[in-house]
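The sequence and the model are shown first.

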Amino acid sequence: MATVDIRDVRKAFGSTQILHGVSVGIEDGQFVVLVGPSGCGKSTLLRMLAGLENITGGEIAIGGRVVNNVPPKDRDIAMVFQNYALYPHMTVFQNMAFSMKLAGAPKEVMEREVQKAAKILGLEQLLHRFPRQLSGGQRQRVAMGRAIVRNPQVFLFDEPLSNLDAKLRVQMRSEIKELHQRLKVTTVYVTHDQIEAMTMADLIVVMNHGRIEQAGAPLELYDRPANTFVAGFIGSPAMNMMEGRIEGGAFRGPGGVAWPLPPGAPASGEVIYGIRPEHLRLDPNGLPASVHVIEPTGSETQVVMHLGDASVIGAFRERITARPGETLPVSPDTSLVHLFDKGTGQRI
Amino acid sequence: MSATAAEGWIRKNQEQNWLTRLLDWKPFLVVMCLLPAVALLMVFLTYPLGLGIWLAFTDTTIGRSGVWVGLENFEFMMEDPIFWNAVFYSVFYTAVATVGKFGLGLWLALLLNNHLPFKSFLRAIILLPWIVPTVLTAIAFWWIYNPQFSIISWVFIELGLRDSNIDFINTAWPARWSLIGANVWRGIPFVAISLLAGLQTISPSLYEAALLDGSTGWQRFRYITFPMLLPILAIVMTFSIIFTFTDFQLVYAITRGGPVNSTHLLATLAFQRGIAGGQLGEGAAIAVSMIPFLVFATLFSYFALARRKWQQGESND
């Protein structure tokens, strides 16, 4: 177990800058999720942690030791790959024991350690099988088993659940989290799925275009997104955002609709007004929204509405019987409205 | 306008004529599609093979159709030291050349699998020895090995390392090794390119995983590359062994089986006896004697190497 310090790390492939100076401090035993859209540099950062990519600038320290020039095998890390990277010609046992075999461990030690990891992951019955003969979830577990056997200081996960179906993904998500709670090993986990990030992380690092947009606890990111990118990325369905200006104590959105302002809002200026779908509520005195599409999910009803010229999504606990074209009065919970500067996109 | 035309369009119920129905009839279609291939194989493969086997049991010579003589040709062959010499050299030639081709070919493939400057150019160059007609290769090597004008001899003499020409093909053992050298040179590209294709099917993430597992370069080759390459290696080796064992052109063009029959392969000896010597029956018998070797080589690499449990499907437990 160890801390991980990423200090002003840069990466360039030729003249293409991938990472523009990224700094994250990870505490011992923390579960950190790097999240962002494709091409944001999160996987590159993880591969730099693993030592599979060179570091162009800055420093990475694991357990206080700078590892910039330390080869992957000496960094005391274990990685779970997106495609699992199981050795197809080895059985599950051989896959898990491979690192020990290379290190020349005696047979009894290999047997003992593999059995221990297999027990944690429920793989005891599968040890003699080849990866080909396993289901997706089982392969995923073997890949984790291979990492556990190494008994590393840091676990690295590179989008490990993206090849699984939706149901299995939810199940493996909680298995990974449970495993982390049990082993308490520092973990860095890369995903593009914000729900995975929200449910698993102690610390979420939201990345975009090779920069960190915001780093913080999941609910902190949800409650106080630092900018419009994080606001739009965290939360599902995504936050409604409208450009407009503050005038006469209200926000004038597209089409001139007057939205109520949160307490402490500036008196004037060009802003972006953000409200999460779940923070809109039905209110007889609210704004008249014309219903466009209704999507009942059972636990809640999502409604796409037109308010002025803006298309707004609302998520309501109530069952809504309105039909498309009808009017639904809604109002935002003003304490949960987010205002962003229109020029910079930063939170006001 | 086009919209109204599209709305007014109705699919016509097509009346099928007898030809359409015949072509839709699967048995007819199967026979029609197979016929050209079957005909070609019959004319150019089955008939010559059958004729060869038939001739092996007759005393046919050029200009005289023979009569059935049973195993007489084979009995004669068994007591013929030149035949046994050809058997020995065929096996020796195949074994040594295969080892050479695979050693160097695998080494080249591994080199070319790295990121090199001018990679595609190098890969194209590697193929050159293979696309040159064999007879041209043979003539080139004939000159290289020439007792008087050999460029290798010339270089050695110019460098002061020797004071006489090297004897490449005028005595038995040097000639045998020289021919193997020419065959290896010609065979490397096929092996290298095939194995390179095999190497490129190995996922790079396996190497990354092995890197994190603490492997050295040799261990990655030993535990990842080699076992994963084995199925392709087996197939390429089967082909290579068959081509080498049945080689004819190189040997015939460079030494014609000489000196004193020391470099005869079974194929060149069969040709020598059957066509040049006119003893068609005897030549055919020698050619037929290659069949068991080839069947054995094929079965061996196919069963011993090609099928691996880890390549098979899920339901195998």
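Predicted model: local features only at pLDDT ≥ 70, side-chain atom pairs only at ≥ 80, totals over all residues.

Residues are numbered from 1 along each chain as its sequence is written, while chains are lettered from A and ligands numbered from 1 in the order in which they are written.

**Chain A.** The C-alpha trace of chain A spans about 75 × 45 × 35 Å along its principal axes. Chain A contains 8 helices and 19 strands; these are DSSP runs numbered from the N terminus, helices being H or I of at least four residues and strands E of at least two. Two residues are in contact if their C-beta atoms, placed from the backbone, lie within 7 Å. Among contacts in chain A between residues at least 6 apart in sequence, 65% join residues at least 24 apart.

An unreviewed UniProt entry places the feature "domain: ABC transporter" at residues 4–234 of chain A. UniProt positions follow the numbering used here, feature names are shortened, and annotations may be inferred rather than shown by experiment. That span is 37% helix and 26% strand, and its end C-alpha atoms lie 25 Å apart.

**Where the chains meet.** In chain B, 22 residues are in contact with 20 residues of chain A. On this side of chain B, α10 (204–212) and α11 (217–245) each supply at least two residues. The largest share, 6 residues, comes from α10(B). The residues of this side divide into 8 nonpolar, 8 polar and 6 charged. Here Ala, Val, Leu, Ile, Met, Phe, Trp, Tyr, Cys and Pro count as nonpolar, Asp, Glu, Lys and Arg as charged, and the others, Gly among them, as polar.

**Backbone details.** Most residues other than glycine have a negative phi, and most peptide bonds are trans.

| Residue | Phi | Loop |
|---|---|---|
| Asn151(A) | about 50 degrees | between α4 (136–149) and β7 (154–158) of chain A |
| Asn261(B) | about 60 degrees | between α12 (249–254) and α13 (266–276) of chain B |

Asn151(A) counts as partly exposed because it has 14 C-beta neighbours inside 10 Å. Asn261(B) is also partly exposed, with 19 other C-beta atoms within 10 Å. The peptide bond from Ser236(A) to Pro237(A) is cis, with omega near -5 degrees. Pro237(A) sits in the loop between α8 (228–233) and β11 (240–247) of chain A.

Notes:
Buried ≥ 20, exposed ≤ 12 C-beta atoms within 10 Å, placed from the backbone.
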